[in-house]
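Please examine the sequence and the structure before reading on.

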Amino acid sequence: MQHFLGHEVVYIRRTNQTQGQTEIAYYDGKIEWVDASPDFLLNHTLKMLNSSLTASRKSVKESLKFAQFTPVIIDASQNLVFFPLHPKDSYEMCYINNQHFLQAIDYEETIIYFTNGRSLSVKEKSAHILKQYNKALQATDFYSKMKKRFLQ
């Protein structure tokens with residue numbers, strides 16, 4: 001399996017309704033179903049970049065003191081960060097690409113709107129989603145500043 005989660009991915013998720021498969025939604029509207037967890041896909045992507053999901057989470061936790069819902073930084077300089085909606089040990093997993101997140105509005109279920117016009121219904125409240133999005137922005141800002149500092 002050669003799945004690389006890049007800029008074109010809007011979100012990845014596995015829920016009880018997806019029967020163990022992970023849904024990968026792309027910016028162009030395509031959806032792909034794979035037999036791997038979102039964490040596996042993120043780890044696979046990070047390994048291609050000489051890192052790992054464990055190392056990414058540990059780095060963000062230690063640098064920014066996030067206890068839970070740690071954003072996964074693929075490339076901070078290109079603003080490629082996936083933020084989770086569920087704890088890391090949950091069966092249900094949903095990671096949103098912060099580049100494509102537009103807004104979240106509470107109805108019976110919360111509707112997340114993306115920059116390409118796509119939307120996604122989730123159980124989590126918009127305040128929770130915005131909190132996780134802000135963590136992703138904070139992580140992106142922190143790591144971009146660190147990279148600039150050490151490369152100058």
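Q: Is R57 buried or exposed in this predicted model?
A: A residue counts as buried when its relative accessible area is under 20%. The relative accessible area of R57 is 12%, so R57 is buried.

Q: Which residue forms a salt bridge with R57?
A: The closest N and O atoms of the pair are 3.1 Å apart, and the cut-off for a salt bridge is 4 Å. R57 lies in helix α2 (residues 53-64) and its partner in helix α1, so the pair ties together parts that are 18 residues apart in sequence.

Q: How far apart are the closest N and O atoms of R13 and E23?
A: R13 and E23 form a salt bridge. This pair links distant parts of the chain, with R13 in strand β1 and E23 in strand β2 (residues 22-26), 10 residues apart. R13 has a relative accessible area of 18% and is buried; E23 is buried too, at 4%. The closest N and O atoms are separated by 2.6 Å.

Q: To which residue's backbone nitrogen does a polar side-chain atom of T45 lie 3.0 Å away?
A: T45 lies in helix α1 (residues 38-48) and is buried, with a relative accessible area of 0%. Beyond its neighbours within four places in sequence, T45 is in contact with H3, F4, L5 and I74. The backbone nitrogen in question belongs to L5.

Terms used. Residues are numbered from 1 along each chain as its sequence is written. This is a predicted model: local features need pLDDT of at least 70, side-chain atom pairs count only at pLDDT 80 or more; totals for chains, interfaces and linings use all residues. Side-chain values use heavy atoms; hydrogens and water are left out. Helices (H or I, at least four residues) and strands (E, at least two) are DSSP runs, numbered from the N terminus. Buried means under 20% relative accessible area, exposed over 50%, partly exposed in between (1.4 Å probe, protein chains only). A polar contact is a pair of N or O atoms within 3.5 Å; within protein, one must be able to donate a hydrogen and the other to accept it, and residues adjacent in sequence count only if both atoms are side-chain atoms. Contact means heavy atoms within 4.5 Å. A salt bridge is a side-chain nitrogen of Lys or Arg within 4 Å of a carboxyl oxygen of Asp or Glu.
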